[in-house]
Amino acid sequence: MLIRRHDASAPPASEITPRAIWRDRRQLIAAAGGAALGGALPTLSPTQALASSAIMQGGDPKAQKLAATPSRLSTPERATPYKLVTTYNNFYEFGTEKDDPIKHAHRLRTRPWSVKVDGEVAKPRSFDIDELLTLAPLEERIYRMRCVEGWSMVIPWIGFPMAELIRRVEPTSKARYVEFVTLADPKQMNGLAIPVISWPYMEALRLDEAMHPLTLLTLGLYGEVLPKQNGAPVRLVVPWKYGFKSAKSLVSIRFVEKQPNTSWMRSSPEEYGFYSNVNPEVSHPRWSQATERRLGDDGFMQKRRSTLMFNGYTDQVASLYSGMDLRRNF
Ligand SMILES: Nc1nc2c(c(=O)[nH]1)N[C@H]1C(S)=C(S)[C@@H](COP(=O)(O)O)O[C@H]1N2
Ligand SMILES: [Mo]
């Protein structure tokens, strides 16, 4: 997500990769013997991709490990290095620069934590984070993720389908949309001092989108609990939509009858619509969405790749939108 600039023709800030990332990548390449990250790898199976990435990039040795079963819904593409996934982040509650979350999110307290679920449901209740960790079998889902700014990553998430949680609270016949509200505590989050959007960060899905098997309630990545900068202790992941729909550090899930106005719709309605499905044919008012840069792939001379409709998940999700004009419902 980008803040409006005075110079509308300037490239998105995301195009200027911080030097630290390239420095780190060079170290990783050296550590891996130079071969593995060069871009000439054959396609790996999800399990191989995870194993090789984990070996090459390591994780946080202090992090709690999370066991998960590899999912058939994983992409076979090579995962983005752990280091990039955990140092190049958007989490505006900690500041708007890509390296603000890694610098500041250590102040986030993730225990105790609970997620309140209410609204149009027969069984409103709260879920403690330790209950969420055991509510349903954990799966490893390697998903393509596409930020509206024009970059993408491949991330080995760990979680379970949101539908597992939803069916436990029994939505009523009035429940048509689901709101996701995230933590907004100025004592822990330095970025709240700047009104980038009106806090708390709120996103929403149609109920059938939230129930879709690809929609993941996410508790970890790369075999460990979610790092704080990636939205610990629990976040949403919706891989066919722009990254900003995947709200981090969830505190509340609310079932409602009317289509909510999300935080980004409120702050910039002509730029961010309710659906926010990845769509190479519908430009953002300030830049094309036709291509993307896959972070961690190659060097500076890397060619942009074509962005795929629904971020490549057309077979699974297109039926959710049959008969809809996706230019109007952007
Ligand atoms: N609460 C909250 N959730 C958020 C954001 C944010 O600023 N605050 N940024 C979004 C955006 S724009 C993206 S691209 C993804 C980035 O997730 P990642 O840092 O884990 O890759 O988180 C999304 N979820
Ligand atoms: Mo994003």
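By class, how many nonpolar, polar and charged residues does the lining of the largest pocket have?

Modeller: This is a predicted model, so local features need pLDDT of at least 70 and side-chain atom pairs count only at pLDDT 80 or more, while totals for chains, interfaces and linings use all residues. Residues are numbered from 1 along each chain as its sequence is written, chains are lettered from A and ligands numbered from 1 in written order, and side-chain values use heavy atoms, without hydrogens or water.

The lining of the largest pocket has 13 nonpolar, nine polar and six charged residues, where Ala, Val, Leu, Ile, Met, Phe, Trp, Tyr, Cys and Pro count as nonpolar, Asp, Glu, Lys and Arg as charged, and the others, Gly among them, as polar. A pocket is an open set of points on a 1 Å grid over the protein atoms alone, with protein on both sides within 12 Å along at least five of seven lines; a cavity is a set where a 1.4 Å probe fits but cannot get out, and lining residues have an atom within 4 Å of a point. The largest pocket holds about 600 Å³ of space, and its lining consists of 28 residues, among which Asp-60, Ala-63, Leu-226, Pro-227 and Lys-228 are the closest to its centre. Helix H3 (82–85), helix H4 (100–104) and strand E9 (224–225) are the elements that give two or more residues to this lining, helices being DSSP runs (H or I) of at least four residues and strands (E) of at least two.

The whole structure has four cavities of 30 Å³ or more, and the largest cavity has about 430 Å³ of space. Its lining counts 27 residues, with Asn-90, Arg-235, Gly-243, Phe-244 and Lys-248 nearest its centre. Two or more lining residues come from each of strand E4 (139–146) and strand E5 (151–161), and E5, with four residues, gives the most. By class, the lining of this cavity has 17 nonpolar, six polar and four charged residues.

Ligand 1 sits in the largest cavity, meaning that more than half of its atoms lie within 2 Å of the grid points. There are 18 residues around ligand 1, and Asn-89, Tyr-92, Glu-93, Arg-235 and Lys-248 come nearest; a residue belongs to this shell if one of its heavy atoms lies within 4 Å. Sorted by class, the shell has nine nonpolar, six polar and three charged residues.

Some polar contacts (pairs of N or O atoms within 3.5 Å) can be followed one by one. A nitrogen atom of ligand 1 lies 3.2 Å from a backbone N or O atom of Asn-90, and a polar backbone atom of Tyr-92 is 2.8 Å from an oxygen atom of the ligand. From Lys-248, a polar side-chain atom lies 2.7 Å from an oxygen atom of ligand 1. On its own, ligand 1 has 540 Å² of accessible area (Shrake-Rupley method, 1.4 Å probe), and the protein covers 97% of that area.

Notes: Polar contact = N/O pair within 3.5 Å; in protein donor to acceptor, adjacent residues only side chain to side chain. Points joined across faces, edges and corners; volume = space filled by probe spheres on them.
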